[in-house]
Amino acid sequence: MLEGAVVVPFRNEVRMRTNDLTNEVLANLRKPRPYPAVTLVLPTHRTKPDKLQDPVRLRNLIAETGRRLAEDPQVSAAVRADVIEQLEQAENELDLMYALDALVVFAAQGEHQSWQLTRRVDTERIVINDTFLTRNLVAARAQNRPYWVLTFDEEKARLWSGAGEQLVEEHRYGFPIEHEPNVSERERASRTGVYDTGYRDEAELQHLRDVDAGLSKVLEAEPRPLLVAGLKHGLTALADVGTRAARNALATVPKGGLANARPSVVLEAVAPARAELLRGRAEEALRRLGEAIGRTEFVAGIDEVWRAAQEGRLALLVVEEPYRQKVRLTGGHLAPAGDEAVSDESGEVRDDIVDETVEAALATEAEVVFVADGALAEHGRIAGVVRYTWAG
């Protein structure tokens, strides 16, 4: 399931990887559907005993959806049966023994799609509308910023697409790129036991040029941070012969034996470099926030930041990773609401206002960065830099 393919537009698919969530996929998900379009959101668990209840809770959500559709005068019996069948097909395709932190299932007439996310959600939800609820996916994508990993040696270069803890090999842009080493070089290394003397002939150097050219195509088509992993002498040689791509890698991992490794081994090898990149990105975002305070371009607290996001004014949004907030919207302003609060004449209750703010920010091409718990304690756990301020 975790290796599901990406096809757009979708019909009867299981999509399980955050790094499948491209702009094209999101645009397709946001298109209006014939009513009803159903979104199910379910917190899931990675470990026993809690994970044993996840399939039961999903079945209960589907049953409750059936009851709501049966009571909806806008939904005919035939349409209800179609949508419920789509939900049941999605349920049958899922293996929740490999669940992550959240499950989102979309279903409408003739189509369904499922996502497992490495981002926690607080509550179960059933949303019935003429569009799907995508903000949980958008927030997961922002939190798990996609990246590329190149693993290579003298014989093979492989490209990996990563998002958070998910890493999948890509067979695009000419990858994997393979090269048959010079036999005499291989025999020499075998005889002497010296394998780190570098790339010695033109064919091997051309292999590295081909790898760098492939990387250039990748980064031009889908710009992401790049991590490069290989033996130290290979990293040096690739940087020497490359024209641009390899030299611009944000991190290198001097470790061999990864060109034929399993995804889990590659992920473990690059984990320290990826963590360092995330720390650097968070530090840079906090620095930009500090500079914005002095320029009066700073907004903080969920009410002020949410309004700036809705107005399209945010250039940078910074959020503490664990932050969740239920709010009541009254007169265009937000106020914290208790767990049991519901919408009434005093205002509309929003359960996931933080993810909604993230989605609004990304929709206007703001940068979104998640930071550690407590990093924004003095600013209400959420803050931003605005592109402009209102006069007056």
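**Reading helix packing, burial and rings**

Reply: Ile-353 lies in helix α10, where helices (H or I, at least four residues) and strands (E, at least two) are DSSP runs numbered from the N terminus. The model is predicted, so local features need pLDDT of at least 70 and side-chain atom pairs count only at pLDDT 80 or more, while totals for chains, interfaces and linings use all residues. Residues are numbered from 1 along each chain as its sequence is written, and side-chain values use heavy atoms, with hydrogens and water left out.

Me: Is Ile-353 buried or exposed?

Reply: Buried means under 20% relative accessible area, exposed over 50%, and partly exposed in between (1.4 Å probe, protein chains only). Ile-353 has a relative accessible area of 0%, and is therefore buried. Leaving aside residues up to four places away in sequence, Ile-353 touches Ile-302, Trp-306, Gln-325, Val-327 and Leu-334, contact meaning heavy atoms within 4.5 Å.

Me: At what angle do helix α9 and helix α10 pack?

Reply: Two packed helices are described by the angle between their axes and the distance between the axes. Here α9 (residues 302-310) and α10 (residues 353-363) pack at about 35°, with axes 8 Å apart. Axes are lines fitted to C-alpha atoms, for helices over the stretch in contact, and angles run from 0 to 180 degrees between N-to-C directions.

Me: Which residues of α9 and α10 meet?

Reply: Ile-302, Val-305, Trp-306, Ala-309 and Gln-310 of α9 meet Ile-353, Val-354, Glu-356, Thr-357, Ala-360 and Ala-361 of α10.

Me: How many aromatic pairs does a search of the whole structure find?

Reply: A pair of aromatic rings is described by the distance of the centres and the angle of the planes. The search finds one pair. Phe-106 and Phe-132 form a tilted pair, 4.9 Å centre to centre with 40° between the planes. Rings of Phe, Tyr and Trp (its six-membered ring) pair if their centres lie within 6.5 Å; planes under 30 degrees apart count as stacked, over 60 as edge-to-face and the rest as tilted. The pair links distant parts of the chain, 26 residues apart: Phe-106 is in strand β2 (residues 102-108), and Phe-132 is in the loop between β4 (125-129) and α4 (135-143).

Me: Why does Phe-132 count as buried?

Reply: Phe-132 counts as buried because its relative accessibility is 6%. Phe-106 counts as buried at 0%.
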